[in-house]
Structures are given as structure tokens and as C-alpha cells.
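Hi,

Here's the structure I promised to pass on. Have a look at it first, then read my notes below.

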Amino acid sequence: MVAAASVYRRLLKAVQKHVGRGDSKKHFQEFVASEFRRPTGTETDARARLRLAGDYANLLTSVHHHKDLLFSYNIAVDRSDEMKKILNKSAASVGLQLPDVYQP
């Protein structure tokens, strides 16, 4: 029972983080909740469904991590906005603020 709750929480967190929380995407969370509430046949079926849910949570997390890595390695993409955010965060962490650059 404890393992089921852990997998359920992990799957819901992955769906919320990587699929989204909007009203148009609420059916994903509802589907996950309905699948966990649905009665299972045997104990082996329950274990198989738990394993599948855990694997799906890992898949969601891994696919989005892989996508982020691909974007970070792609040098053809203009990353100046991303670099500005990183520099601003670095400056803010030591109490500084970068000046705004004037662009006509």
C-alpha cells in the first residue's frame, strides 16, 4: 500500500510538472486518479500496474530532461535570452543587479 501511494504521488507530480496544470490538460490528472482508484484483479495485476505507472513517471521525467539537454547543446539556437537569465540569476545571488542595455 505504501509503494502504491509513493508511485501515485510521483506520477501525479510528473504529470503536473511536465504535462501541465491548465484546465485543458486536467483530463491527464483525472485519468491517472481514475486508474489508481479502479479495482485490480489479482495481486500480480496490481504489481504490474504499479510498475507501469512508475515506468511512465520515469519516462515523462526522462523525456523532458532529454529535451532540455538537446536545447542546451544546440548551438544554432540563439541563446542570448537564456544567457541573460543565467547572468541575472548569478548576479542576484551575490546581491548585484545587472544594468539594462540600451538597444535602439
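Let's begin with the second largest pocket: its lining has seven nonpolar, three polar and two charged residues. Here Ala, Val, Leu, Ile, Met, Phe, Trp, Tyr, Cys and Pro count as nonpolar, Asp, Glu, Lys and Arg as charged, and the others, Gly among them, as polar. This pocket holds about 210 Å³ of space. Of its 12 lining residues, Lys 84, Asn 88, Leu 98, Pro 99 and Asp 100 are closest to the centre.

Before going on, this is a predicted model: local features need pLDDT of at least 70, side-chain atom pairs count only at pLDDT 80 or more, and totals for chains, interfaces and linings use all residues. Residues are numbered from 1 along each chain as its sequence is written, and side-chain values use heavy atoms, leaving out hydrogens and water.

What's a pocket, then? On a 1 Å grid over the protein atoms alone, it's an open set of points where a 1.4 Å probe fits, with protein on both sides within 12 Å along at least five of seven lines; lining residues have an atom within 4 Å of a point. Grid points are joined across faces, edges and corners, and the volume is the space filled by probe spheres set on the points.

The largest pocket has about 540 Å³ of space. Its lining counts 20 residues, with Val 32, Glu 35, Phe 36, Arg 49 and Ala 53 nearest the centre. By class, that lining is 16 nonpolar, one polar and three charged. Helix α3 gives the largest share, six residues (helices are DSSP runs of H or I, at least four residues, numbered from the N terminus).

Cheers

Methods
Helices (H or I, at least four residues) and strands (E, at least two) are DSSP runs, numbered from the N terminus.
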